[in-house]
Amino acid sequence: MHRALRVLPGLFALACAALASAQTPPKPGGYKVTVAVHGVASDAGTIRGQLCTDREAFGVRTCGTFVAVTAAKPGSVELVFNNVTPGAYAFSVFHDENGDERTQVFSEPFAFGNESRSLPPIFDEAILNVSGDMTSSTTLFRMTG
C-alpha cells in the first residue's frame, strides 16, 4: 500500500507535465485575426473594420480597440488584425466608399461578426472569441428603407 502511494505522486506529476505541454502558450504580442469580407461592390474607398471590447461604443461610435483597413476591390477582401490579445471582441466593418472614415448607414454597406444582421447591432451576436490565430468571415449588406 505504501508503494502505491509513492507511485501516485509520480504519476500525478507526469500527468501534469503532459497537460502543460499540450496547452499552447500565449503568443508574445498577441494573435493574428483574419476576417474575410464578402460582398464588396466596387473598388471605391476602403474597407474599415474594428474589434471592439466596449459594449457601449459598439455600433454607436468608433471603438478602436483593434482597427484594420484595406483597399476596396470588388468581391472579397481580407482584414488582418495583428497582436490581438486573447478575449471576446465584437466585430464590425463598413465599406468607406467616400473616404470620410465614418459609416454612412443609409448609403454605405456594413456588416457585423457572425453574419449578425441585428439593427441596432447587438454586441453578443457579433463576438469573435480570440484564443489563438483565427479566421472568420462576414458579408456586407446595405440598410434599405
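## Overall fold

The model is predicted. The protein chain has one helix and eight strands. Along the sequence the pattern reads α-β-β-β-β-β-β-β-β. The chain has 145 residues, and 35% of them count as buried. Among contacts with a separation of 6 or more, 67% are between residues 24 or more positions apart.

## The largest pocket

The largest pocket has a volume of about 480 Å³. Its lining has 21 residues, and the closest to the centre are Gln50, Arg61, Ser92, Phe94 and Thr103. Three strands each supply at least two lining residues: S2 (46-52), S5 (87-96) and S6 (110-112). By residue class the lining divides into 11 nonpolar, six polar and four charged.

Ser92 deserves a separate look. Ser92 sits in strand S5. Its relative accessibility is 12%, so Ser92 counts as buried. Leaving aside residues up to four places away in sequence, Ser92 touches Arg48, Gly49, Gln50, Phe58, Ala111 and Phe112. Of these neighbours, Phe58 and Phe112 return below in the aromatic cluster.

## The disulfide

The count comes to one disulfide. Cys52 and Cys63 form it, with their sulfur atoms 2.2 Å apart. Cys52 lies in strand S2 and Cys63 in the loop between S2 and strand S3 (66-71), so the bond ties together parts that are 11 residues apart in sequence. The torsion about the S-S bond is about 85°, so the disulfide is right-handed. Cys52 and Cys63 are both buried.

## Aromatic pairs

The structure holds seven aromatic pairs. A pair of aromatic rings is described by the distance of the centres and the angle of the planes. Two of the pairs are set out here.

| Pair | Centre to centre | Angle between planes | Class |
|---|---|---|---|
| Phe58 and Phe123 | 5.8 Å | 90° | edge-to-face |
| Phe112 and Phe141 | 6.5 Å | 65° | edge-to-face |

The pair of Phe58 and Phe123 links distant parts of the chain. Phe58 is in the loop between S2 and S3, and Phe123 is in the loop between S6 and strand S7 (127-130), 65 residues apart. Phe58 and Phe123 are both buried.

What makes the pair of Phe112 and Phe141 edge-to-face? The planes stand at 65°, and the class applies because that angle is over 60 degrees. Phe112 lies in strand S6 and Phe141 in the segment after strand S8 (134-139), so this pair ties together parts that are 29 residues apart in sequence. Phe112 is buried, with a relative accessible area of 6%. Phe141 has a relative accessibility of 15% and also counts as buried.

Ring pairs also build a cluster. It links Phe58, Phe110, Phe112, Phe123 and Phe141.

## Backbone details

Most residues other than glycine have a negative phi, and most peptide bonds are trans.

A cis peptide bond joins Leu119 and Pro120, with omega about 0°. Pro120 lies in the loop between S6 and S7.

Asn114 is found in the loop between S6 and S7. The phi of Asn114 is near 60°, a positive value in a residue other than glycine. Is Asn114 buried or partly exposed? Asn114 is partly exposed, with a relative accessible area of 44%.

Asn83 also has a phi near 60°, again positive in a residue other than glycine. Asn83 is found in strand S4 (residues 75-84). At 47% relative accessibility, Asn83 counts as partly exposed, because the buried class needs a value under 20% and the exposed class one over 50%. Leaving aside residues up to four places away in sequence, Asn83 touches Gly29, Gly30, Tyr31 and Phe66. Asn83 and Asp133 are 50 residues apart in sequence, with their C-alpha atoms 9.6 Å apart in space.

Key
Residues are numbered from 1 along each chain as its sequence is written. This is a predicted model: local features need pLDDT of at least 70, side-chain atom pairs count only at pLDDT 80 or more; totals for chains, interfaces and linings use all residues. Side-chain values use heavy atoms; hydrogens and water are left out. On a 1 Å grid over the protein atoms alone, a cavity is a set of points where a 1.4 Å probe fits but cannot get out, and a pocket is an open set with protein on both sides within 12 Å along at least five of seven lines; lining residues have an atom within 4 Å of a point. Grid points are joined across faces, edges and corners, and a volume is the space filled by probe spheres set on the points. Helices (H or I, at least four residues) and strands (E, at least two) are DSSP runs, numbered from the N terminus. Ala, Val, Leu, Ile, Met, Phe, Trp, Tyr, Cys and Pro count as nonpolar, Asp, Glu, Lys and Arg as charged, and the others, Gly among them, as polar. A disulfide is a pair of cysteine sulfur atoms within 2.5 Å. Buried means under 20% relative accessible area, exposed over 50%, partly exposed in between (1.4 Å probe, protein chains only). Contact means heavy atoms within 4.5 Å. Rings of Phe, Tyr and Trp (its six-membered ring) pair if their centres lie within 6.5 Å; planes under 30 degrees apart count as stacked, over 60 as edge-to-face and the rest as tilted.
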